[in-house]
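Dear colleague,

I am handing over the structure we spoke about, and I would ask you to open it and keep it in view while you read the rest of this message.

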Amino acid sequence: MTQKILVETWGDFGAIENLAELMPVEMGMATELHEKGIMDHLMVKDGLKGAYILYNLTDKAEVEVLLKKFPLYPHFKRIEYTLVDQSF
């Protein structure tokens, strides 16, 4: 089994006035991390109420540093970090 960090965020992204400007930057950064093998999955919650992000990392501090670089980070109302074992 492989350990990874699952990040769950909460927020009302639909209420962000300049969301159309932020999303291309947000997705570009996520794509770059995915291509580098750092981020495994990014899933946006229904109604733009948050996201699930699976990182191929086990160091919470390292994930926090990466997450804080994203333009939507200031809009997160809550963030949870969970170390998980990926079976397949």
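What follows goes through the sheet, the helices and the core in turn.

Please keep in mind throughout that this is a predicted model. The place to begin is an open sheet of 4 strands, whose order is β2-β3-β1-β4 and whose pairing is antiparallel. Its edge strands, each of which pairs on one side only, are β2 (39-44) and β4 (78-86). If you look along the sheet, neighbouring strands are turned by 15° against each other on average, direction ignored. Between β2 and β3 (residues 50-55), which run antiparallel, there are 5 bridges, and M43 can be found standing opposite Y52 in β3.

Two helices belong to this picture as well. Helix α1 (residues 19-35) lies across β2 and β3 and runs at about 150° to β2. Helix α2 (residues 60-67) packs on the sheet, where it touches β1 (2-10), β3 and β4, and its direction makes about 130° with that of β4.

Which residues of α2 are buried? They are V63, L66 and L67, and because they cover an arc of only 95° around the axis, they sit on the same side of α2. The cover over these buried residues includes β1, α1, β3 and β4.

In soluble globular proteins, nonpolar side chains tend to be buried together. Here the largest nonpolar core has 19 residues, of which V7, M39, I53, Y55, L67, F70 and L72 touch the most other members. Two or more residues come from each of β1, α1, β3 and α2, and α1 gives the most, with 4 residues.

Finally, please look at L6, which is found in strand β1. Its relative accessible area is 27%, so L6 counts as partly exposed, given that buried would require under 20%. Leaving aside neighbours within four places in sequence, L6 is in contact with Y52, I53, L54, E80, Y81, T82 and V84. L6 and V65, by contrast, are 59 residues apart in sequence and 15 Å apart in space, C-alpha to C-alpha.

With best wishes

Key
Residues are numbered from 1 along each chain as its sequence is written. This is a predicted model: local features need pLDDT of at least 70, side-chain atom pairs count only at pLDDT 80 or more; totals for chains, interfaces and linings use all residues. Side-chain values use heavy atoms; hydrogens and water are left out. Two strands pair if DSSP finds at least two bridges between them. Axes are lines fitted to C-alpha atoms, for helices over the stretch in contact, and angles run from 0 to 180 degrees between N-to-C directions. Contact means heavy atoms within 4.5 Å. A nonpolar core is a set of buried Ala, Val, Leu, Ile, Met, Phe, Trp, Tyr and Cys residues joined through side-chain atoms within 4.5 Å. Buried means under 20% relative accessible area, exposed over 50%, partly exposed in between (1.4 Å probe, protein chains only). The arc is that of the directions from the helix axis to the C-beta atoms.
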